[in-house]
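Reader: I would like to learn how to read the features of a structure one by one, with the general idea coming ahead of each case. Could we work through one example together?

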Amino acid sequence: MECMPAPLISVIVVNWNGLGLLDECFESLARQTWPETEFILVDNGSTDGSRDLVTAWAKRLPNAQAILLPTNTGFCKGNNIGFARARGEWIALFNSDAVAEPTWLEELMRYADASKRVGMLASKILFQSPPNVIDKVGHLIYWDGQNRGRGTMETDHGQYDRAEEIIWPDACAAMYHRKIFEETGGFDETFFAFGDDADLGMRARLLGWSAWYVPSAVVHHRHSASFGVYSPLKVMLVERNRVLLAVKNFSWPLLLQNPFWTLRRHWWNVYAVVKRKGSASRFLEANGWRQTIFNLVWSYVSAVKLLPDALRKRRVIQRTRRLSNREIVGLLRRFQIDVRELTLRD
């Protein structure tokens, strides 16, 4: 019996001012054991000299090309531009501040099965420092659309070493069947960055695709190396984009409940600040009360400006979705994050 040829995987890396990170990142991709790969290296208008390094690596990596954009178009558009050039049946997204184990792609492909609509594959993403601490092993979602990495900040002692279904992968190091990009239209470029993988994952879920977590596909990540962990812009985008995710993807019964769940989350954020725990407390310590209040207002004003566009997209998403209202609620219930874990854990 003839063996089927290995499908081509297109690996897309979007870089923005990552000069000190790129060599280690690209070296790990050059060591991948999967036999059929192409590499699409997108530079998002870098000003730190990394454009030259991206060009040099495009000549060193097998079957690679560089795309040099004149300005920073954001994570979403950068990956969409990369996908437009991709020839692979499977699309692997990889952050420029990450390093992959040699069998990363090979392990992800063990669970890829487009015939069964298993079209999203998640990696075990560990922090580079401190070692053996989990960044993300898939995602969890709160009822207002806010989401968080599953297992974030836990010490890895094998508690997530079972392959299993998840709600969607983290796009830092994930693989998608190309039909997901074709059916959804790819990343929503109005998101710019953050929450974009949750929105893409939710839209794919509504179309009947599922996601699988692969613990043997290991990646090491320097978290928020580009923006900074408590960057005001990052925090604004996270809060704004969860509003857009909910408006586009949630059923009307869920959407009408959204203000209640958000107020509950903010109440717990206030409690976390009093207890000096969680991300809200760390952001306040780093930026002060004035910036914290400004950020909250900034998030919602920005979301309101984008509402007409989000509602237009909602009409298409809701018209074409395959999941019923009950199935959407069931999906969120299966993969929900408790508000205490969301607000009290760093």
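Reader: Does R265 count as buried or exposed, and what is its relative accessibility?

Author: Before the answer, please keep in mind that this is a predicted model. A residue is called buried when its relative accessible area is under 20%, and R265, at 4% relative accessibility, therefore counts as buried.

Reader: Which side chain does R265 meet in a salt bridge?

Author: Side chains of opposite charge can pair when their charged atoms come close. Here the side chain of R265 meets that of D144 in a salt bridge, with 2.9 Å from N to O. R265 belongs to helix 8 (residues 252–274), while D144 sits in the loop between strand 8 (139–141) and strand 9 (147–149), so the pair ties together parts that are 121 residues apart in sequence. D144 is buried as well, its relative accessible area being 0%.

Reader: How many salt bridges does the structure hold, and which residue pairs with R117?

Author: The structure holds 28 salt bridges. R117 forms one with E183, and the closest N and O atoms of the two are 3.3 Å apart. Because R117 lies in the loop between helix 4 (104–109) and strand 6 (118–127), whereas E183 lies in helix 5 (residues 178–184), this pair ties together parts that are 66 residues apart in sequence. The two partners can also be read by their accessibility: R117 is buried, with a relative accessible area of 17%, and E183 counts as partly exposed at 38%.

Reader: Which side chains are joined to that of D135 by polar contacts?

Author: A polar contact is read from a pair of N or O atoms, and for the side chain of D135 there is one of 2.6 Å with the side chain of H221 and one of 3.1 Å with the side chain of K136. D135 itself is found in strand 7 (residues 134–136), and it is buried, with a relative accessible area of 2%.

Reader: Which residues make the nonpolar surface patch of about 420 Å²?

Author: That patch is made by W289, I293, V297 and V301. Taking V301 as a case, we find it in helix 9 (residues 278–320), where it is partly exposed, with a relative accessible area of 41%.

Reader: How many helices and strands are there in the protein, and how does its radius of gyration stand against the globule rule?

Author: The protein has 11 helices and 12 strands. Its radius of gyration is 19 Å, close to the 20 Å that the globule rule gives for 346 residues, so the protein is as compact as a globular protein of that length. The C-alpha trace spans about 55 × 45 × 45 Å along its principal axes, and 55% of the 346 residues count as buried.

Reader: What share of the contacts joins residues at least 24 apart, and what share of the accessible surface belongs to carbon and sulfur atoms?

Author: Among contacts between residues at least 6 apart in sequence, 80% join residues at least 24 apart. The accessible surface comes to about 15,300 Å², and 57% of that surface belongs to carbon and sulfur atoms.

Key: Residues numbered from 1 in each chain as written. Predicted model: local features only at pLDDT ≥ 70, side-chain atom pairs only at ≥ 80, totals over all residues. Heavy atoms only, no water. Helix = DSSP H or I, 4+ residues; strand = E, 2+ residues; numbered from the N terminus. Buried < 20%, exposed > 50% of the residue type's maximum accessible area, 1.4 Å probe, protein only. Polar contact = N/O pair within 3.5 Å; in protein donor to acceptor, adjacent residues only side chain to side chain. Salt bridge = Lys/Arg side-chain N within 4 Å of Asp/Glu carboxyl O. Patch = residues over 30% accessible without salt bridge, like charges linked within 9 Å, V, L, I, M, F, W, Y side chains within 5 Å. Areas by Shrake-Rupley, 256 points an atom, 1.4 Å probe, with all protein chains shown as cover. Rg over C-alpha atoms; globule rule 2.2 N^0.38 Å. Contact = heavy atoms within 4.5 Å.
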